[in-house]
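Subject: Structure handover

Hello,

Here is the structure I promised you. Please open it next to this email and follow along.

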Amino acid sequence: MPRSPVHIVDIGTYIPPQRASNTELGSEFQLDSEFLRNKIGVFERSIKDAAESTSDLCQKAFEDLLRRRSIDIASVQLVCVVTQNPDRNIPHTSAIVHQKLGMGKQCITFDISQGCAGYTHGIAVVTALVEKLGLERALLFTCDPYSTIVDRNDKATALIFGDAASVSYICRNESGYELIDSDFGTVPHSWQCLVCDDGRFRMDGRQVFSNAAREVPLSIHRLLERNGLNADDVDCFLLHPGSKYIIDFLRQNLALPPSKVPFEIAHYGNTVSSSIPIMLQQRMSRTEKDARLVLSGFGVGFSWGSNILEFKV
């Protein structure tokens, strides 16, 4: 008998309660409130406690998931952590999360080193493994606490990034979002646009913007055309909210109304690999689910990833 398809059935999130205001820091950079509102779109950033690690934030996202549903942790067969900010170089952070959650021996653990496109990559990798290996249940975590690598005096990055984590529960035999198709890519000779050397993060904002402005619309158009769809067939486009400016540009380029392209990070910031699952969780918690979604993440690499998801009962 064929197995039932794999679905994303629920998402837990954790956004640290501590906030750092951009008002004072923006003044130090001689940026006014209009620039913060219309270009960056972030007024305050979520900041983790200094003692918290990536695996700690993942654990808190899982606790949020448990507040909404019961999960037999011993039955989970795969744990993936998307992060470029691991607890340690060795071992992989998913092994540490595995221990903190008290999981069983028969459980695959691995990390994916991806940035803002990490969730879109993670969905494709995890669901493919679950399908191919005939697994039943998996957990896909995201966590990139950039507060540990961003230089407060760097005008290009200090006002943008916030800390957060998410966990997506992926399994069979329950209603949820099914991955229909994906589109991925990496621009040749572009990896220098986002780098972290000696613990300090640097971003060439102009290069990131030009790559995103060119590649993301092409990726989404390819994905829709390949599946015989147009923008009217999609209820919502969850695009990685790198900044207000890039989202406004992409929305106008794709000729989409603001209602279809949310930008909701004003009070916690760009949370890198967690930005898309945080937006997706908000929609999954509603009674009326969007029937079809397009996700698109982009950044470090310069790489991008886009997914079509459909809600299936």
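A crossing is left-handed if the near helix is turned anticlockwise from the far one by less than a right angle, and right-handed if clockwise. Helix 6 passes helix 7 in a right-handed crossing. Helices (H or I, at least four residues) and strands (E, at least two) are DSSP runs, numbered from the N terminus.

This is a predicted model, where local features need pLDDT of at least 70, side-chain atom pairs count only at pLDDT 80 or more, and totals for chains, interfaces and linings use all residues. Residues are numbered from 1 along each chain as its sequence is written, and side-chain values use heavy atoms, without hydrogens and water.

Helix 6 and helix 7

Helix 6 covers residues 205-226. Its axis and that of helix 7 lie 10 Å apart, at an angle of about 30°. Axes are lines fitted to C-alpha atoms, for helices over the stretch in contact, and angles run from 0 to 180 degrees between N-to-C directions. The two helices are therefore roughly parallel (under 35 degrees; over 145 is roughly antiparallel, 65 to 115 roughly perpendicular, the rest oblique). In helix 6, F209, A212, A213, V216 and P217 meet Y245, I246, F249, L250 and N253 in helix 7. Contact means heavy atoms within 4.5 Å.

Helix 2 and helix 7

Helix 2 (residues 33-40) packs on helix 7 (residues 244-253) at about 45°, with axes 5 Å apart. This pair is therefore oblique. R37, N38, K39 and I40 in helix 2 meet K244, Y245 and D248 in helix 7.

Best wishes
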